[in-house]
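Here is a short briefing to read alongside the structure. Have a look at the fold first, and then we can walk through its links and its surface together.

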Amino acid sequence: MPGTTAGVPPGLPPSFTPQQAQAPGLLAVDPGAIRPCTNRFVFIWLNTGERFWAWLNFIGRRSAAGWRWTGFRWIYFGVDLRNIQSFICF
């Protein structure tokens, strides 16, 4: 929800960029695979080449939503799981 503060991250994301793990032939992220990243810092690589820290507080069958770090502040966002190339949570 725009303007929401529910599930706001507890602070700044980690100050490093993790190494991307290669997942050959991956067509879409399975909701069960990313669900353990709920309410944790997660680094996401999108199919578009974008990459960022996030704090997810919703994982559905086809999408995820939460807070995305812009480099300066957290903004609320949503993403189709098919657009996620890979991820790692901390």
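**Salt bridges, disulfide and surface**

R82 counts as exposed, with a relative accessibility of 55%. Its side chain meets that of D80 in a salt bridge, at 2.8 Å from N to O. Please keep in mind that this is a predicted model.

**Salt bridges**

- The structure holds 2 salt bridges, and the pair of R82 and D80 is one of them.
- D80 has a relative accessibility of 22% and counts as partly exposed, whereas R82 is exposed.
- R68 forms a salt bridge with E50, and their closest N and O atoms are 2.6 Å apart.
- That pair links distant parts of the chain, 18 residues apart: R68 belongs to strand 3 (residues 63-69), while E50 sits in the loop between strand 1 and strand 2 (51-59).
- E50 is partly exposed, at 37% relative accessibility.

**The disulfide**

- A search of the whole structure turns up 1 disulfide, and it joins C37 to C89 with an S to S distance of 2.4 Å.
- C37 lies in the loop between helix 1 (31-34) and strand 1 (41-46) and C89 in strand 5, so the pair ties together parts that are 52 residues apart in sequence.
- The link of C37 and C89 is left-handed, with -65° about the S-S bond.
- C37 is buried because its relative accessible area is 0%, which is under 20%.
- C89, by contrast, is partly exposed, with a relative accessible area of 21%.

**The nonpolar patch**

- F16, I88 and F90 make a nonpolar surface patch of about 250 Å².
- I88 is found in strand 5, which covers residues 84-89.
- The relative accessible area of I88 is 33%, so this residue is partly exposed.

**The protein as a whole**

- The protein has 1 helix and 5 strands, and along the sequence they follow the pattern α-β-β-β-β-β.
- Of the 90 residues in the protein, 36% are buried.
- Among contacts with a separation of 6 or more, 55% are between residues 24 or more positions apart.
- The accessible surface comes to about 5600 Å², and carbon and sulfur atoms account for 56% of that area.

How values were computed: Residues are numbered from 1 along each chain as its sequence is written. This is a predicted model: local features need pLDDT of at least 70, side-chain atom pairs count only at pLDDT 80 or more; totals for chains, interfaces and linings use all residues. Side-chain values use heavy atoms; hydrogens and water are left out. Helices (H or I, at least four residues) and strands (E, at least two) are DSSP runs, numbered from the N terminus. Buried means under 20% relative accessible area, exposed over 50%, partly exposed in between (1.4 Å probe, protein chains only). Contact means heavy atoms within 4.5 Å. Accessible areas come from the Shrake-Rupley method with a 1.4 Å probe; for residues, only the protein chains shown count as cover. Patches are made of residues with over 30% relative accessible area and no salt bridge: like charges are joined within 9 Å, nonpolar side chains (Val, Leu, Ile, Met, Phe, Trp, Tyr) within 5 Å. A salt bridge is a side-chain nitrogen of Lys or Arg within 4 Å of a carboxyl oxygen of Asp or Glu. A disulfide is a pair of cysteine sulfur atoms within 2.5 Å.
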